[in-house]
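Colleague: I have the sequence and the coordinates open, and I would like to go through them with you. Shall we start?

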Amino acid sequence: MGTYDLKHKLAEFEPWQRGIILENTSRVQLTDGCSIGCSGCGIGAEKGVKSIMPWDLYTELVDEMVAHWVANGTTPYWKNEPFDYHSQGKNFRDAYFYLGGGDLIYNFLSESIYVQTAVPKGSEQEVLASLDIVNDINITLHKTRLKNFISKVFEVCDDNANPLRICTWQKLGPKHINNLAKDTLSCEHGVVLTPSNIYTIRSVRPSTKHPYGYIQEEVIPDNFIVNSLSWDPQIYAREIDPKIRDKLHNEWLDEAPLVIDSEEKRLSWGPRMLQAYKYALKGELTSDKESWSLFIKENIRRFRNEKKDGFSPFEEKIFDEAELMIEEAKQILLPLF
Ligand code: SF4
């Protein structure tokens with residue numbers, strides 16, 4: 001297995017830079033490369049696992065993110081296959097729950113961590129034991145290999161399992177340059193931590209210049225630039241009604257803290273998570289009118305009923321902010337439809 005040097009990489013940054021990196025981490029990529037290596041992978045994963053993030057480093061970084069209130073919304077994979085991960089006796093399921101998957105606030109803010117797998121060879125039992133956290137099984141290019149596996153999935157699936165979806169293949173990347181999908185698979189701006197390096201990532205509309213629909217660049221101490229964490233930024237990439245886009249641009253996108261390059265900016269903006277949530281919420285409203293806000297209100301009501309011991313001050317703050325944002329977003333957006 002290859003070497004890793006994320007720990008050493010992080011040591012090159014000043015404390016305020018390390019804070020910005022961890023506060024804006026949208027993805028922790030637990031392996032460099034993917035063992036399956038589909039031809040035409042829509043996210044640009046390299047074939048073959050080259051290195052793995054040690055479990056003790058992963059937990060150290062997540063602990064630090066949680067201390068900043070920002071781990072909610074971070075996803076523990078990116079250009080890799082989640083179930084390739086094994087380190088120090090831990091696997092992807094452990095990483096998912098350590099980051100907060102299944103947690104009340106996490107689910108509320110990000111609809112839980114979205115897990116998609118193409119079931120690497122040898123991980124079948126592990127995936128079957130984790131159907132409660134798997135959202136998509138990618139069989140598009142693996143029908144023959146996964147035929148027996150899918151029958152087993154239907155045998156063991158019960159009401160507690162996530163509704164499994166069989167995902168469709170997104171035409172992204174150089175292989176599909178003449179027929180690119182309009183939406184990228186990259187759902188967040190922010191920082192990606194891999195076992196060997198640190199990148200800043202920005203979602204864009206797929207194009208010949210950026211055929212995967214994202215721009216990923218190494219973060220370096222001397223020319224420090226980080227994209228601020230923001231969920232569902234496909235609004236930047238999506239084709240929407242120009243009237244709505246202009247309105248959004250004027251009202252919100254100009255405010256959006258897209259890039260952080262100094263300690264002052266870090267200090268002058270509030271918790272990343274709330275910023276990110278604000279833009280995600282507004283993005284959803286543009287595509288689905290009121291249904292998203294109703295969904296959130298319904299969830300708040302359900303959580304309030306379910307959680308008999310009450311909310312922590314932090315949870316209360318999140319829900320209060322969410323309700324305010326829904327009202328603000330509705331007032332600006334709904335007249336446009
Ligand atoms: S399994 Fe997923 S991440 Fe891996 S190469 Fe195929 S599409 Fe890409």
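Predicted model: local features only at pLDDT ≥ 70, side-chain atom pairs only at ≥ 80, totals over all residues.

Colleague: In which loop is the place of Q88?

Modeller: Q88 lies in the loop between β4 (86-87) and β5 (90-91), where helices (H or I, at least four residues) and strands (E, at least two) are DSSP runs numbered from the N terminus. Residues are numbered from 1 along each chain as its sequence is written.

Colleague: And what is phi of Q88 near?

Modeller: Phi of Q88 is near 50°, a positive value in a residue other than glycine. V119 also has a positive phi, near 55°, and is likewise a residue other than glycine.

Colleague: Is Q88 buried or exposed?

Modeller: Q88 is exposed, because 12 other C-beta atoms lie within 10 Å; a residue is buried if 20 or more other C-beta atoms lie within 10 Å of its own, exposed if 12 or fewer, and partly exposed in between, with the C-beta atoms placed from the backbone.

Colleague: And V119, buried or exposed?

Modeller: V119 is buried, since it has 23 other C-beta atoms within 10 Å, and its place is in the loop between β6 (116-117) and α6 (124-128).

Colleague: What does F83 touch, leaving out residues up to four places away in sequence?

Modeller: With those left out, F83 touches F92, T117, V119, P120, S123, E126 and V127, a contact being two residues whose C-beta atoms, placed from the backbone, lie within 7 Å. F83 is found in the loop between α3 and β4, and it counts as buried because it has 24 C-beta neighbours inside 10 Å. The C-alpha atoms of F83 and C34 are 9.6 Å apart in space, although the two residues are 49 apart in sequence.

Colleague: Speaking of C34, which residues surround the ligand?

Modeller: The ligand is surrounded by C34, I36, G37, C38, C41, I43, A45, E81 and A118, where a residue is near a molecule or strand if its C-beta atom, placed from the backbone, lies within 6 Å of it. This shell divides into seven nonpolar residues, one polar and one charged, with Ala, Val, Leu, Ile, Met, Phe, Trp, Tyr, Cys and Pro counted as nonpolar, Asp, Glu, Lys and Arg as charged, and the others, Gly among them, as polar.

Colleague: Changing topic to helix α3, how far apart are its end C-alpha atoms?

Modeller: They are 18 Å apart, which agrees with the 18 Å that the 13 residues of α3 (residues 55-67) should span at 1.5 Å a residue; the expected span is 1.5 Å times one less than the number of residues.

Colleague: Which residues of α3 are buried?

Modeller: Y58, L61, V62 and M65 are buried in α3. They cover an arc of only 100° around the axis, so they are on the same side of α3, the arc being that of the directions from the helix axis to the C-beta atoms. On the other side of α3, D56, E60, D63 and A67 are exposed.

Colleague: What covers those buried residues?

Modeller: The cover of the buried residues of α3 includes α2 (15-23), β1 (25-28), α4 (92-99) and β9 (188-193). In α4 we find L99, which counts as buried because it has 23 C-beta neighbours inside 10 Å.

Colleague: How many residues does the largest nonpolar core have?

Modeller: The largest nonpolar core has 49 residues, and those with the most contacts inside it are I21, L30, Y58, A95, V191 and L193; such a core is a set of buried Ala, Val, Leu, Ile, Met, Phe, Trp, Tyr and Cys residues joined through C-beta atoms within 7 Å. At least two residues of this core come from each of α2, α3, α4, β9 and β10 (198-203). Not counting residues up to four places away in sequence, I21 touches F13, V191, I198, V219 and V226.

Colleague: Last one: how many helices and strands does the chain come to?

Modeller: The chain comes to 13 helices and 14 strands, and 39% of its 337 residues count as buried. Among contacts between residues at least 6 apart in sequence, 74% join residues at least 24 apart.
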